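User: Hi! I'm new to reading protein structures, could you walk me through this one?
Analyst: Happy to, let's have a look together.

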Amino acid sequence: MVAPAGNYTWVKRRRQEAALVPQAKARGAHRKRRERSPWPGLMIHQDGSRHEGVSGQKWDLIVTMDDATNEPYSMFFVEEEDTMSSLQGVREVIELLGLFSTFYSDRGSHYWPTPEAGGKVDQQNLTPFGQAMKHLGIEMIADCSPEARGRSERMFRTHQDRLPRELALVGITDRADANRDLTEVYRSAFNAEFMQPAMEEGSDFVDWMPRELALVGITDRADANRDLTEVYRSAFNAEFMQPAMEEGSDFVDWIGGPLGDILCERFERTVGNDHCVRFEGMKLQIPADRHRCHHVKAKVAVLRRTDHTLAILHGPRKLADYDEAGKVMPPNLKVAAYIRRGRPGQSGQFICYKTGQFYLLPTLDWSGVRNAPCSGWAVEEGDPGASEDAV
């Protein structure tokens, strides 16, 4: 093989492949100092360090701090750093300020699984801590070297130097008192001396629970939804609603079928030989129907409404309604059907006993009601002289 004239690189590579000359080590990449995050809540550091908090006793100090300001939002001693101590630090930050964007930590086994020692972390098989962060929508970042978490390391050197003397000065000898001093005294004094102003105004924290709900002691979703409907929405509208530029409204009264059967998920299924429809691990039993002997092998539609109840339709006919557990919901037969206005043969407003939905029919006769497409209609036979208020 003839080398290209003047091609030094080609000759060098061929000689290295033949082991005639040693291959030099690759030069280290040029690294730049990483600037702090521009505003609070964008990146949170957490780390633990074991040292002698008080004379003769060693504990792990868990610190959760902001990358933008160096402010520790959570500090406490534990016997040994683990998943629960890390979750506690995150919880204290969220309860204090809200959700943050990213979480930066070392590659401890409670943060990340590492299949090979010193290798890359496994970002697919999450630890319990990683699963919690994923549920909250918080991105986790693993450092690749001790230098990568330099700010937290420098903070720990300061804590290790100051904390034992601070605690000794006030006579603290046990962990409970030490943690109380960290929360009530030490942290605020440390922030006053070492906290840095953020480079930009603003915050990336997002309220975990709206302040209005927290003020009235609401802690579960049912109470929160009730408050939204009865209190919050009207108060919000009173403060923020803008008047329309012109009078009038483009809303049109809905007089069609039940909205729950339209604004829902729809799935096609085939009825089995046992008269059941299989849907997401449930067997939905179709009740006996006087209009048809059976529905075996029939193509039906399963509706899943926003309230998680279900329904089965065969064509336009509803065969049954089901609760979340897949049990048949009996129809409400207290009111079969009644006329709000008018008499048979005139226009009137009717209600479907299964859905409670009103229907406005411009021309109405008994056969028209009996043959209405909604299976909820019910009118007794031979009742042309029914009263104006009920059928």
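**Two strands, side by side**

Analyst: Let's begin with a pair of strands: E2, residues 57-66, and E3 pair in the antiparallel sense, over six bridges. Keep in mind that this is a predicted model.

User: Which residue stands opposite proline 72 in E3?
Analyst: That is methionine 65.

User: And what order do the strands of that sheet come in?
Analyst: The sheet is open, has five strands and runs E3-E2-E1-E4-E5, with mixed pairing. Strand E3 (72-78) and strand E5 (139-142) are at the edges; each has a single partner strand, so one side of each has no neighbour in the sheet. From one strand to the next, the twist averages 25 degrees.

User: Let's go to H2 and H3. At what angle do they pack?
Analyst: About 20 degrees, and their axes are 10 Å apart. Angles under 35 degrees count as roughly parallel, so H2 and H3 are roughly parallel to each other.

User: Which residues make that contact?
Analyst: From H2 you have Thr83, Ser86, Leu87, Val90 and Ile94. From H3 you have Phe129, Ala132, Met133 and Leu136. The residues of this contact of H2 with H3 divide into seven nonpolar, two polar and no charged.

User: Now the inside. Which residues of the largest nonpolar core touch the most other members?
Analyst: Val90, Phe100, Phe103, Phe129 and Met140 do, out of the 17 residues in that core. H2, helix H3 (128-136) and E5 each supply at least two residues of this core. The largest share comes from H2, with three residues.

User: What is valine 90 in contact with?
Analyst: If you leave aside its neighbours within four places in sequence, valine 90 is in contact with Gln46, Phe100, Phe103, Phe129 and Met133.

User: And what's in the second core?
Analyst: That one is separate and has 16 residues, including Val54, Val63, Met65 and Leu167. As a rule, nonpolar side chains tend to be buried together in soluble globular proteins.

User: New topic: where is asparagine 70?
Analyst: Asparagine 70 is in the loop between E2 and E3.

User: Is it buried or exposed?
Analyst: Asparagine 70 has 11% relative accessibility, and buried means under 20%, so asparagine 70 counts as buried. Apart from its neighbours within four places in sequence, asparagine 70 is in contact with Met65, Arg151, Phe190, Phe194 and Gln196.

User: I also see a sheet with E6 in it. What is its strand order?
Analyst: That open sheet of five strands goes E6-E9-E10-E11-E12, and its pairing is antiparallel. The edges are strand E6 (265-270) and strand E12 (328-329); each has a single partner strand, so one side of each is left without a neighbour in the sheet. E6 and strand E9 (residues 299-304) pair over six bridges, with glutamate 268 standing opposite alanine 301 in E9.

User: What about phi angles? What do most residues have?
Analyst: Most residues other than glycine have a negative phi. Alanine 19 has a positive phi of about 60 degrees, although it is not a glycine. Alanine 19 is in the loop between helix H1 (8-17) and E1, and it is exposed, with a relative accessible area of 64%. Lysine 297 also has a positive phi, near 70 degrees. Lysine 297 is in the loop between strand E8 (282-285) and E9, and it is exposed, with a relative accessible area of 55%.

User: Last one: how many helices and strands are in the protein chain?
Analyst: The protein chain has eight helices and 14 strands. Of its 391 residues, 35% are buried.

Conventions:
Residues numbered from 1 in each chain as written. Predicted model: local features only at pLDDT ≥ 70, side-chain atom pairs only at ≥ 80, totals over all residues. Heavy atoms only, no water. Pairing = 2+ DSSP bridges. Helix = DSSP H or I, 4+ residues; strand = E, 2+ residues; numbered from the N terminus. Axes fitted to C-alpha atoms, helices over the stretch in contact; angles between N-to-C directions. Core = buried A, V, L, I, M, F, W, Y, C linked by side-chain atoms within 4.5 Å. Buried < 20%, exposed > 50% of the residue type's maximum accessible area, 1.4 Å probe, protein only. Contact = heavy atoms within 4.5 Å. Parallel < 35°, antiparallel > 145°, perpendicular 65-115°, else oblique. Nonpolar A, V, L, I, M, F, W, Y, C, P; charged D, E, K, R; others polar.
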